[in-house]
Amino acid sequence: MFDENKFNEFCNELNIFLGMHHELYENICKDVYLEELTSKVFKSIGLDSDWKPDFSHSVGKDQSINKKGISNKSGMILIDKNNELTIKISGSRTSKYETLGAKLNFLQNNNYDYILGCGTNKTEIESGLKKYYCYVIDSEKFNFFDWDWQEDEDKKGDKKWYASYENIEAVIQSRSTSNQLWLTVSKDFCDFFQIIDVEY
């Protein structure tokens, strides 16, 4: 889907489209609006998108780009006191599956090829900066069964699970939050990464 030149072209166009968004709105671009905006950016650089304005909330894939499945994510950008950057990404809810093995099997059999993220840092946004962090991650990097999962409990005694693997930290939260998967990855884990200071 991307090489470095195409990703740079995408980010340049994304800057323009985010600028148009912020001419109208103070709130960040996320959720279904981010899906639609990125679909228009893809088309503007000559790639096909099958995104439709149907407000669907399907699991995994949000659109296909030249027949490659894309999961659009916002992502929380975390910046520590040493200015090191990590990305926290929400994943699928797994509460319909009882065992850890069944949850991991569901997560592993995703229907998308890439995560395309456009994250923000809460402190920067609250200070008025319109700054986005665009990133791409190949889904083949998520080999959930290879990770060393540990079981734990929340304050109510409900099970949750966590794992660390190379540049990834993962948590499957307790049933009170629908056993949702959360991933925290380093910037270096991404296939492509670029900071966008929105001009408008």
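**Ground rules.** I'm working on a predicted model, where local features need pLDDT of at least 70, side-chain atom pairs count only at pLDDT 80 or more, and totals for chains, interfaces and linings use all residues. Residues are numbered from 1 along each chain as its sequence is written, and side-chain values use heavy atoms, with hydrogens and water left out.

**Salt bridges.** I took a salt bridge as a side-chain nitrogen of Lys or Arg within 4 Å of a carboxyl oxygen of Asp or Glu. That rule gives six salt bridges. K130 is in one of them, with E26 as its partner, at 3.2 Å from N to O. I placed K130 in the loop between helix 4 (122-126) and strand 6 (131-138), and E26 in the loop between helix 1 and helix 2 (31-44), so the pair links distant parts of the chain, 104 residues apart.

Next I checked E98 and R175, which form a salt bridge with their closest N and O atoms 3.7 Å apart. This pair also links distant parts of the chain: E98 sits in the loop between strand 4 (85-93) and helix 3 (100-108), R175 in the loop between strand 9 (168-172) and strand 10 (180-186), 77 residues apart. E98 is exposed at 60%, while R175 is partly exposed at 43%.

E9 and K6 make a local one, at 3.4 Å between the closest N and O atoms. Both lie in helix 1, three residues apart, about one turn of the helix. E9 is partly exposed at 34%, and K6 is partly exposed too, at 22%.

**Aromatics.** I counted 13 aromatic pairs. Rings of Phe, Tyr and Trp (its six-membered ring) pair if their centres lie within 6.5 Å; planes under 30 degrees apart are stacked, over 60 edge-to-face, and the rest tilted. F2 and F192 have ring centres 6.3 Å apart and planes at 75°, so I logged them as edge-to-face. F2 is in the segment before helix 1 (4-24) and F192 in strand 11 (residues 192-197), so the pair ties together parts 190 residues apart in sequence. F2 is buried, at 14%.

I also noted one aromatic cluster made up of F142, F144, W147, W149, Y165 and F189. K141 lies over the face of F189, 4.9 Å from the ring centre, and K88 lies over the face of W182 at 5.3 Å. For this, NZ of Lys or CZ of Arg must be within 6 Å of the ring centre and within 35 degrees of the ring normal.

**Largest pocket.** Which residues lie nearest its centre? They are N72, K73, S90, G91 and Q180, out of 46 lining residues. Strand 4 gives the most to the lining, with six residues. Helix 2 and helix 3 are among the elements that each supply at least two.

(A pocket here is an open set of points on a 1 Å grid over the protein atoms alone, where a 1.4 Å probe fits, with protein on both sides within 12 Å along at least five of seven lines; lining residues have an atom within 4 Å of a point.)

Key:
Helix = DSSP H or I, 4+ residues; strand = E, 2+ residues; numbered from the N terminus. Buried < 20%, exposed > 50% of the residue type's maximum accessible area, 1.4 Å probe, protein only.
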